[in-house]
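Subject: Structure handover

Hi,

Here is the structure for your files. Please open it alongside this note.

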Amino acid sequence: MNKKRELTMKFYFAVTYEVCEHNDLYLDMNEYTIDSAKDLDTQIKEFAKIDVAPVVKVYESNTSDCKDFSLYKEYNFKEFECGCDGREDYI
């Protein structure tokens, strides 16, 4: 019984989010394709830095069109968290 092992290719993409708990804000900003040949954590940190995003979620899919996907991992970056305290005059 020599069954061939079926390899399933996974596809990954990241979405950056803007978050402000004081103003009840949780908005998706940008979507980035993950390069599987590069370190995942390094790529995610760079995406967060580009968008000044406190949250980056990585999703995985079994298809290249990524129509059917699920959450793979969530990253939180304290250095990019909103610094407001809910005041309207905060800039």
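Below is what was found in it.

First, the ground rules. This is a predicted model, where local features need pLDDT of at least 70, side-chain atom pairs count only at pLDDT 80 or more, and totals for chains, interfaces and linings use all residues. Residues are numbered from 1 along each chain as its sequence is written, and side-chain values use heavy atoms, with hydrogens and water left out.

The nonpolar cores

The largest nonpolar core has 12 residues: A14, Y32, I34, I44, F47, A48, A53, V56, V58, Y75, F77 and F80. A nonpolar core here is a set of buried Ala, Val, Leu, Ile, Met, Phe, Trp, Tyr and Cys residues joined through side-chain atoms within 4.5 Å. Buried means under 20% relative accessible area, exposed over 50%, and partly exposed in between (1.4 Å probe, protein chains only). Helix 1 (40-51) and strand 3 each supply at least two residues of this core. Helix 1 gives the largest share, 3 residues. Helices (H or I, at least four residues) and strands (E, at least two) are DSSP runs, numbered from the N terminus.

Look at F77 next. Beyond residues up to four places away in sequence, F77 touches I44, K45, A48, A53, P54 and V56. Contact means heavy atoms within 4.5 Å. There is also a second, separate core of 7 residues, including F13, V19, V55 and Y59.

S61

S61 sits in strand 3 (residues 55-61). S61 counts as buried because its relative accessibility is 2%. A polar atom of the S61 side chain lies 2.9 Å from the backbone oxygen of D68. Setting aside neighbours within four places in sequence, S61 is in contact with M9, K10, F11, C66, K67, D68 and F69.

Charged residues

How many salt bridges are there by the rule used (a side-chain nitrogen of Lys or Arg within 4 Å of a carboxyl oxygen of Asp or Glu)? The count is 1. The side chains of K78 and E81 form a salt bridge, at 3.7 Å from N to O. Side chains of opposite charge can pair when their charged atoms come close. K78 is exposed, at 66% relative accessible area. E81 is partly exposed, at 45%.

E79 lies in the segment after strand 4 (69-76). E79 is exposed, with a relative accessible area of 57%. E79 and K49 are 30 residues apart in sequence, and their C-alpha atoms are 9.5 Å apart in space.

Best wishes

Notes
Polar contact = N/O pair within 3.5 Å; in protein donor to acceptor, adjacent residues only side chain to side chain.
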